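Here is a short walk through one structure, written for someone who likes to know the cut-offs behind each term. Please keep the viewer open as you read.

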Amino acid sequence: MVPPYARLVENRSSLPSAPHSAPRAAAFFDLDKTVIAKSSTLTFSKSFYRGGLINRRAALRTAYTQFVFLAGGADHDQMERMREYLSALVRGWDVAQVREIVAETLHDLIDPLIYDEAASLIEEHHTAGRDVVIVSTSGAEVVEPIGELLGADRVVATRMVVGEDGRFTGEIEYYAYGPTKAEAIRELAASEGYDLARCYAYSDSATDVPMLETVGHPHAVNPDRALRREAAARGWPTLTFNRPVRLKQRIPSLAMPPRPALVAVAVGAAAATAGLVWYASRRRGTPARALSA
């Protein structure tokens, strides 16, 4: 049985796949600063402000958090405080309104942030017959449509509680963070028949070491200092992604779905989970790529 938090993405790529007789495998991607150049959730702060969901003070504070994220200067305690702040901030937000705001701005805000190198890897994995799974600490309501945009097969992400009135309660139902990501990968592998020794994983953060060591082919992408040390000690390949590009300008097979399809995905508590990731300082790595089975 597929874990309930591992949602199927309906808009998967139609790229050719390897023969079904081969052992099943998957490629697991962290999202922020691995597939896209910024925080997926914090990117929507201006849209929430314009939609009246947050005031100017909250918008400025969220913008500052984005700056800290990009500069790589936030430690675990800072991010935990921001998580608590944002969880409280979205309490009472109307889910339908949030869905509409994110669906309307997803193409303009997220598509230009997708790394060309990550999009190429996703295409290569699909061509090799591997499923692509986005595993992110950001909110599922944001990660799912991004996964659709990328042509991913499944998404594992943090999920917020929605009350009977259709509003966010501020509570977290499922927290996709650290060891929990590794547990999700193992459960998904058991349900889908993935051979973890043949699977791949990509992340920029040392908090994802449990996720990376779960698979046979771990990769550090734009790694923070701690992950860079860990990758060097374990002999993991280090990749540098630095070319954001619009998907429709480079990969026809990963063309964006029509806007109504994005609305149907139901985008929810984007800002609520922005502070859920523990980021250390980031440094660029040395380009390397190995996609052998």
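Strand 6 (residues 200-203) is covered on both faces: Y200 and Y202 are buried on one side, A201 and S203 on the other. Buried here means under 20% relative accessible area and exposed means over 50%, with partly exposed in between (1.4 Å probe, protein chains only). Helices (H or I, at least four residues) and strands (E, at least two) are DSSP runs, numbered from the N terminus.

A word on the source: this is a predicted model, in which local features need pLDDT of at least 70 and side-chain atom pairs count only at pLDDT 80 or more, while totals for chains, interfaces and linings use all residues. Residues are numbered from 1 along each chain as its sequence is written, and side-chain values use heavy atoms, with hydrogens and water left out.

Two strands pair if DSSP finds at least two bridges between them.

| Pair | Sense | Bridges | A facing pair |
|---|---|---|---|
| Strand 2 (residues 26-29) and strand 6 | parallel | three | F29 and Y202 |
| Strand 6 and strand 7 (residues 217-221) | parallel | four | Y202 and H219 |

Which residues have the most contacts inside the largest nonpolar core? F29 and Y202 are among them, along with V35, I114, I134 and L150, in a core of 32 residues. A nonpolar core is a set of buried Ala, Val, Leu, Ile, Met, Phe, Trp, Tyr and Cys residues joined through side-chain atoms within 4.5 Å. The elements that give it two or more residues are strand 2, helix 4 (95-110), helix 5 (116-127), strand 3 (131-139), helix 6, strand 4 and strand 6. Helix 6 gives the most, with six residues. Leaving out residues up to four places away in sequence, I114 touches V35, I36, A119, L149, L150, R243, P244, V245 and L247, where contact means heavy atoms within 4.5 Å. Apart from this core lies another, of 23 residues, including F28, Y174, C199 and W236.

G151 follows helix 6 with a positive phi, near 85°.

In the loop between helix 6 (140-150) and strand 4 (154-162) sits D153. D153 counts as buried because its relative accessibility is 3%. The D153 side chain makes a polar contact with the side chain of H126 at 2.8 Å, and a polar atom of that D153 side chain lies 2.6 Å from the backbone nitrogen of V132. A polar contact is a pair of N or O atoms within 3.5 Å; within protein, one must be able to donate a hydrogen and the other to accept it, and residues adjacent in sequence count only if both atoms are side-chain atoms.

Another buried residue is F168, with a relative accessible area of 2%, found in strand 5 (residues 168-174). The C-alpha atoms of F168 and V95 are 6.8 Å apart, although 73 residues separate them along the chain.

Finally, helix 7 (residues 179-192): its buried residues are K181, A182, A184, I185, L188, A189 and E192. Seen down the axis, they fall within an arc of 160°, so they line one face of helix 7; the arc is that of the directions from the helix axis to the C-beta atoms. The face turned away from them carries the exposed P179 and A190. Just after helix 7, G193 takes a positive phi of about 80°.
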